[in-house]
Amino acid sequence: MTLVLLVPLLLLAAACIVLVGRRGSEYARMKLAAYPVGAAFLGAAATLYHVTTEGPVSIRFYDLSSVASFAIPFGFYVDRLSAVMMTLITGVSVIIYTYSTGYMYQDRHARRYLAMICLTDFVLICMVSSANLMMLFLFWQILSYLLYVLAHNHAHEGTLVGAFKTFTILRVADTAFLAGIALAYHLYGTLEFQELFIRASNTPVMLSLWPGMEMSGATAVTLLFFVGAMGKSAQFPIHLWLPGSLFAPTPVHALLHAGIINAGGFLINRLAPLFGLSSTTLHVAFLIGTLTAILGASMMLAQNDIKKTLGFSTIGQMGYMIMECGLGAFSLAVFHLIAHGLFKATVFLNCGNVIHNARLEPHFPHVDDQTEEPGLSRLTWFTGFVTTLFIPLLILLITHGVLRIPLLESQGTVIFLFFIWITSSQAILTLTRLRQVASWKVSTAMLMTLLFIVFVYLFAVESFTEFLYPNPEEVASYFKVADLPDWLFDLMIVTATILTVVSWSYLYMSAHGMTVRMPAWIDGLRIRLYLPFMNRLYADELYALTGQTIMRLVHQLDKRERGWSR
Amino acid sequence: MMDAALIPWLLAGIPLLGAVACLPFRSNAEQLKRSAVTWAVISLASVAAFAGRIDTPPEGLLPLYLLPVAATIALLGQPVHEHHRRSWMLTLLLLGLGLFALSSRSPISQLSLTLLLALIAGLLYRHHSALWPRSWWGIGAYGLGALCAAMSAAADAPLSSVTSLLTCAVLLPLVPFHDGHLTALTRLPGSLPSFIVVLLPLAGLHGLAAAIPAVPDIVAWTVSGFALVGASYGGLKALAQSRVRLLLAYGSLSFFSILWWFAAASRMATPRSALLVGTVGLATSGLMVAWQVIRTRYGDDVDPQAISGLAAGMPRYAVLLSLLALAAMGLPPFGVFAGFMGLLLSSPFPSLAGLFITLLAWLAASWYIMQMVQRLLFGVRRPELRYTDLLRAEFASLLIVVLVLLALGLVPTTLFASEGDLFGTAADIGETPRWNR
């Protein structure tokens, strides 16, 4: 019990060590504060072990049976999900904090910055271990403000605009979250997680939005929570704050992209039993997630700035994560956010080196050899064939035969398998087109790596699902609720197959000098799409225009009314 | 043991005595201010000592405590200047009348409200300028309020309940009776606006707690409609303002309208209502004191657009202003959020549209307050500006507001109200709400 409390307290202590002390000892204090941050990580790891072996830990500083509650009911509920998140956050924090002490060395705002980092970690830990929705919302809100402060550079105009945009957009999502809390309380009479899930499943409520249109209480509540999650996880169309905050120091991005942005995924997982009651919300999540994944990845390809590229990559990945939630694979989403968090933190912390090297080397990145081989070798075709046909079959065999996942009854799993298939096909197509698969060594290494990654991933995901949701019926029920209409499911599978086959056919025909008749508009499409994606679909301009229009209307109203009130 | 009937006289008498005791120091502004602050603190001590002996009103005892706190903050935050001397003594006078109105029973309470409103109308008249013809509306609103308060003391039901509600609408601003609030906050000098923004709404809430359960359904629906109009109107108008005091006046109008909506829906005003009204008033008061700091340094008619980069030059001011802004826009862990959440969770929603408008009004505060704060604190440092951080009294004043708002956001509500008072009687609302009922 003490261990659980120790984790946030150590982070708070680290913030205090950095902030408070005599002048001249700043650097020593910054170094010293790394120890409590490290100790917090060890505490989180120990908590994870404790929770895994002994079950969830619950600490409440308020009396459930009494009305005489605190304005904010403080309490901690640490189950496996919370413990995993705590370990991830503190682990990433150790790396980021240590990196930051060097990165911000001799910066005159280093003290404030490092204290804010520790404080943000503290808030994140309290958020993921909250005992009830109210406390979760409290730290959720504080996180919104801390993001504003962290993304801030007092004197830089672009940063100010970005920080304000971050704050206001997050507030919109937070308002939906707040509405969800109020509605949940009025419908079910509790904000305690476990009690809320039980009451929501036992007492189905219908809400009448207007005559003739009804919605289940669970759907209304989860839709509002989902909008809240969309904000923190930068889902389309409220993703604008993430690219807008890219002026912040690089370690802030590492923390943001590895920890803070996962809050949306965490919220959905924390409320998984509630989301599992509403197929409508899960379908909306699937739609929004897919759209964000496609748009985020497309915009990432067209950016010419390393931070923006990484930022849009995160948006795309968050889209995948929400899509996974929309398919009922909640544990997969957590697995994804851990993997993505570790990966993106590393990439962000290293991107400064890339920029530094690029500035030193005038020909960096190196120009590749432009001479192309006249055709593709048999080896190339063989590798492509194995990757796009043999590996998927093997995966199917393993998932069905070894992992015992009932494919015919689980749309979500099939969609994931097709997703893996289409993604690996796309990767191999790109490599083939670039003539990168031209030797046995490369080919073998690539196939082996791909096989290794896929198998390890499959087993890891399966084990992680068992760890996070030990009851297989619960997992199956989420998949069932998330089932898409048959026609949509069939359409997706057929489209994925056609896309892969057509791509290979096109490549084969092009390689053999066959004429591929392509309408002119398709040829021009890539160029036409490049510009809007490079300009991020003009979403920032649209946002600015909307803001200006609203303000113009407000000022017009003010002028008309001025005579009456002033 | 002192007779309970004497306690309101004692509570009111101390600040009134303080106002009289300040008279000899009129020629020495510094001593006068020190004396006024001391009497406000003594008044707070007297409330702490005697408030428990009076009959607890439905909205609890929190308003009684908040009034001397607000007076102390308003007095401390003012610069030592001979122009402010009268406002300091008037602050004590208004504190006395306010405490009397909150602690005494009807009809004496109404009579003190009449006196209070008439005094403010008189002050507005005194500070009326031909350049501000609209302040006649404010004088008229307070005049109407005073008249209604007098009538509610003299008349029988149902006329008394209607006039009492009208008085409340003037005190705790409700569209279309909000002109007094706007005028008082923008036209009165010195410490008065930053005190009045706490005093009058709390006095209005006190009246509302008594009047709202008895009003007919049609009146409650009308009030509900006006409240929603007021919440959106206040938010929209605040968005359009560039003058800080007007922005704060409209912003607070928006939040007070939210309270009206909840009160009309639940037909009662609980200690949670007092928490919202008191903290909104206190946060606005704090922001007014913070704005006064700027006016002290850069002139009374300073254009906020011309100030920037205070965060680097005035770090203590920047931190306190940021915290105050967070509190004023209803973010946790401050009292405004606690009050708002308390009402959101414990009151019934008559309509989803109403809830939506209420949340939008809450959201809009993030725009106009954050915009104002960002404009002042951040951006480039201006070489033509001299940056002087907070003086000791200013720092103390702002720090007290922040700490009180923080405490009110975190402490158990039962500290200033019993469980029964918190939610009204069980019969009023059906089942008793709790975190896990």
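**Notebook: looking around chains A and B**

I began with contacts in chain A: among those between residues at least 6 apart in sequence, 77% join residues at least 24 apart. Two residues are in contact here if their C-beta atoms, placed from the backbone, lie within 7 Å.

Before going on, I noted that this is a predicted model, where local features need pLDDT of at least 70, side-chain atom pairs count only at pLDDT 80 or more, and totals for chains, interfaces and linings use all residues. Residues are numbered from 1 along each chain as its sequence is written, while chains are lettered from A and ligands numbered from 1 in the order in which they are written.

**Chain A, overall**

I looked up the secondary structure and got 22 helices and four strands in chain A. Helices (H or I, at least four residues) and strands (E, at least two) are DSSP runs, numbered from the N terminus. Chain A has 566 residues, and 43% of them are buried. Buried means that 20 or more other C-beta atoms lie within 10 Å of a residue's own; 12 or fewer makes it exposed, in between partly exposed, with C-beta atoms placed from the backbone.

**Domains**

I find three domains listed for chain A: domain 1 (1–62 + 70–131), domain 2 (143–148 + 155–354) and domain 3 (374–515). These bounds come from an automatic or database domain assignment. Where domains 2 and 3 of chain A meet, 14 residues of domain 2 are in contact with 14 residues of domain 3. On the domain 2 side, α13 (279–301) and α15 (330–360) of chain A are the elements giving two or more residues. The largest share of that side, five residues, is from α15(A). I also checked its make-up: eight nonpolar, six polar and no charged. Ala, Val, Leu, Ile, Met, Phe, Trp, Tyr, Cys and Pro count as nonpolar, Asp, Glu, Lys and Arg as charged, and the others, Gly among them, as polar.

**The core**

Which residues have the most contacts inside the largest nonpolar core? They are C118(A), A70(B) and L324(B), in a core of 317 residues. Helix α6 (residues 157–188) of chain A gives the largest share of this core, 17 residues. A nonpolar core is a set of buried Ala, Val, Leu, Ile, Met, Phe, Trp, Tyr and Cys residues joined through C-beta atoms within 7 Å. Not counting residues up to four places away in sequence, I see C118(A) touching L11(A), A14(A), A15(A), V18(A), A33(A) and V37(A).

**Helices α3 and α4 of chain A**

The axes of α3 (residues 80–103) and α4 (residues 110–128) of chain A come within 9 Å and cross at roughly 175 degrees. Axes are lines fitted to C-alpha atoms, for helices over the stretch in contact, and angles run from 0 to 180 degrees between N-to-C directions.

I picked out I89(A), which lies in α3 of chain A. Why is I89(A) buried? Because I89(A) has 29 C-beta neighbours inside 10 Å.

**Helix α10 of chain A**

Eight of the nine residues of α10 (residues 250–258) of chain A are buried, so α10(A) is largely enclosed by the rest of the structure. I found that its cover includes α3, α4, α5 (133–150), α14 (306–326) and α15 of chain A.
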